[in-house]
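Subject: Structure for your records

Hello,

Here is the structure I said I would pass on. My notes on it follow below.

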Amino acid sequence: MGVTEVRAVEQLYLQGPMTSGELGRALALTSGSVTALVNRLLRQDMVIREIDPRDRRKVWISFRPDRIEQFLAPYLSTIEKGQAIVQS
């Protein structure tokens, strides 16, 4: 997972569901870049895309909370080392 994907998942995790436009503004990405980013995250099963039932033109992107461990796995050893330093 690249830096842009990590930043996107972080935004979605912290902020909750966002439209593609909101995600693009938060990450300073063009609409085309956001589309490609969301497609990559969908292929990795990190996000879901849902059509707004009140406005079918609006699409919400959400982080899959059941993927938090998969998302954090590469960082856990770094977090553990940091905690050990703080505790010593």
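Predicted model: local features only at pLDDT ≥ 70, side-chain atom pairs only at ≥ 80, totals over all residues.

Thr19 lies in strand E1, which covers residues 18-19. Leaving aside residues up to four places away in sequence, Thr19 touches Lys58, Val59 and Trp60.

**The chain as a whole**

The protein chain has 88 residues, and 25% of them count as buried. Four helices and three strands make up its secondary structure elements, and along the sequence they follow the pattern α-β-α-α-β-β-α. Along the principal axes, the C-alpha atoms fill a box of roughly 55 × 25 × 20 Å. The accessible surface is about 6,100 Å², and carbon and sulfur atoms account for 53% of that surface. Among contacts with a separation of 6 or more, 43% are between residues 24 or more positions apart.

**Helix H2 and its neighbours**

Which residues of H2 are buried? They are Leu23, Gly24 and Leu27. Viewed down the axis of H2, these buried residues fall within an arc of 100°, so they line one face of the helix. The buried residues of H2 pack against helix H1 (3-15), strand E1 (18-19) and H3.

Helix H2 spans residues 20-27 and helix H3 spans residues 31-43. Their axes are 9 Å apart, and the two helices pack at an angle of about 105°. Because angles of 65 to 115 degrees count as roughly perpendicular, H2 is roughly perpendicular to H3.

On the H2 side, the residues that meet H3 are Ser20, Leu23, Gly24 and Leu27. On the H3 side, their partners are Val34, Leu37 and Val38. Sorted by class, this contact has five nonpolar residues, two polar residues and no charged residues.

Regards

Definitions and conventions. Residues numbered from 1 in each chain as written. Heavy atoms only, no water. Axes fitted to C-alpha atoms, helices over the stretch in contact; angles between N-to-C directions. Parallel < 35°, antiparallel > 145°, perpendicular 65-115°, else oblique. Contact = heavy atoms within 4.5 Å. Nonpolar A, V, L, I, M, F, W, Y, C, P; charged D, E, K, R; others polar. Buried < 20%, exposed > 50% of the residue type's maximum accessible area, 1.4 Å probe, protein only. Arc of directions from axis to C-beta. Areas by Shrake-Rupley, 256 points an atom, 1.4 Å probe, with all protein chains shown as cover.
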